[in-house]
Amino acid sequence: MAVDLSMPVLVVDDYSTMIRIIRNLLKQLGFDNIDDASDGSAALNKMRGKKYGLVISDWNMEPMTGYDLLKEVRADPNLATTPFIMITAESKTENVIAAKKAGVNNYIVKPFNAATLKTKIEAVFPDMATA
């Protein structure tokens with residue numbers, strides 16, 4: 001994977017076990033600059049204070065969902081170009097379409113493994129992926 005492994009990655013999930021799982025998968029892939037947030041509001045605050053190379057967010061969170069976070073990020077000129085991968089247990093077509101319309105870069109349905117995460121990340125950074 002020719003993605004910049006040193007770029008800061010923000011993992012957003014209200015379930016601490018899921019954050020730990022995603023952190024471990026990212027570490028397996030070679031990422032080492034990983035922050036986390038427990039909901040969309042906390043993520044927005046972190047994003048306004050630090051430039052992230054990638055955001056990986058759960059959809060279903062309270063009080064601010066990943067979908068609402070995505071819309072906020074895309075509406076903020078300083079954050080709008082941040083690559084964003086949405087994770088959800090829902091594979092409903094309308095959710096995928098809504099996320100795409102809101103500007104998501106990629107979409108992962110739980111459960112997933114390191115290989116799936118790697119493929120989804122590489123798809124977000126096609127110029128950096130290896131042949």
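Author: An axis is a line fitted to C-alpha atoms, for helices over the stretch in contact, and angles run from 0 to 180 degrees between N-to-C directions. The model discussed here is a predicted one.

Reader: At roughly what angle do the axes of helix H2 and helix H3 cross?
Author: Helix H2 covers residues 40-49 and helix H3 covers residues 66-75. Their axes come within 9 Å. The crossing angle is roughly 25 degrees.

Reader: Are H2 and H3 roughly parallel or roughly perpendicular to each other?
Author: Angles under 35 degrees count as roughly parallel. The axes of H2 and H3 cross at roughly 25 degrees, so the two helices are roughly parallel.

Reader: Which residues of H3 make the contact with H2?
Author: H2 passes H3 in a right-handed crossing. From H2 the contact takes Gly 40, Ala 43, Leu 44, Met 47 and Arg 48. By class, the contact residues divide into five nonpolar, one polar and two charged. On the H3 side they are Leu 69, Glu 72 and Val 73.

Reader: Is the crossing of H3 and H4 left-handed or right-handed?
Author: H4 spans residues 93-102, and its axis lies 9 Å from that of H3 at an angle of about 20 degrees. That angle is under 35 degrees, so H3 and H4 are roughly parallel. Their crossing is left-handed.

Reader: Which residues in H4 meet H3?
Author: H3 brings Tyr 67, Leu 70, Lys 71 and Arg 74 to this contact. Across the contact of H3 with H4 there are five nonpolar, no polar and two charged residues. Those in H4 are Ala 98, Ala 99 and Ala 102.

Reader: Are H1 and H5 roughly parallel or roughly perpendicular to each other?
Author: The axes of H1 and H5 (residues 114-124) come within 10 Å and cross at roughly 70 degrees. Angles from 65 to 115 degrees form one class, so H1 and H5 are roughly perpendicular.

Reader: How many charged residues has the contact of H1 with H5?
Author: H1 supplies Leu 25, Leu 26 and Gln 28, while H5 supplies Ala 114, Leu 117 and Ile 121. Five of these residues are nonpolar and one is polar. The number of charged residues is none, that is, no charged residues.

Reader: Which residue does UniProt list for "modified residue: 4-aspartylphosphate"?
Author: The UniProt record, an unreviewed entry, also places the feature "domain: Response regulatory" at residues 8-125. That span is 46% helix and 19% strand, and its end C-alpha atoms lie 14 Å apart. The residue listed by UniProt as 4-aspartylphosphate is Asp 58.

Reader: Is Asp 58 buried or exposed?
Author: Asp 58 sits in strand E3, residues 54-58. Beyond four places in sequence, Asp 58 touches Val 12, Asp 13, Asp 14, Gly 66, Met 86, Ile 87, Thr 88 and Lys 110. Its relative accessible area is 5%; because the limit is under 20%, Asp 58 is buried.

Reader: What is the relative accessibility of Asp 13?
Author: Asp 13 lies in the loop between strand E1 (9-12) and helix H1 (16-28). Among its contacts beyond four places in sequence are Asp 58, Met 61 and Lys 110. Asp 13 counts as buried, with a relative accessibility of 2%.

Reader: Is Ala 80 buried, exposed or partly exposed?
Author: Ala 80 is in the loop between H3 and strand E4 (84-88). Its contacts, apart from neighbours within four places in sequence, are Val 73 and Arg 74. The relative accessibility of Ala 80 is 26%, and buried means under 20% while exposed means over 50%, so Ala 80 is partly exposed.

Reader: What distance separates the C-alpha atoms of Asn 106 and Ile 121?
Author: Asn 106 belongs to strand E5 and is buried at a relative accessible area of 12%. Ile 121 is 15 residues from Asn 106 along the chain, and the C-alpha separation is 8.0 Å.

Reader: Which residue does a cis peptide bond join to Lys 110?
Author: A cis bond, with omega near -5 degrees, runs from Glu 62 to Pro 63, and Pro 63 is in the loop between E3 and H3. At Lys 110 the cis bond has an omega of about -5 degrees.

Technical notes. Residues numbered from 1 in each chain as written. Predicted model: local features only at pLDDT ≥ 70, side-chain atom pairs only at ≥ 80, totals over all residues. Heavy atoms only, no water. UniProt positions renumbered as here; feature names shortened; annotations may be inferred. Helix = DSSP H or I, 4+ residues; strand = E, 2+ residues; numbered from the N terminus. Buried < 20%, exposed > 50% of the residue type's maximum accessible area, 1.4 Å probe, protein only. Contact = heavy atoms within 4.5 Å. Parallel < 35°, antiparallel > 145°, perpendicular 65-115°, else oblique. Left-handed = near helix turned anticlockwise from the far one by under 90°. Nonpolar A, V, L, I, M, F, W, Y, C, P; charged D, E, K, R; others polar.
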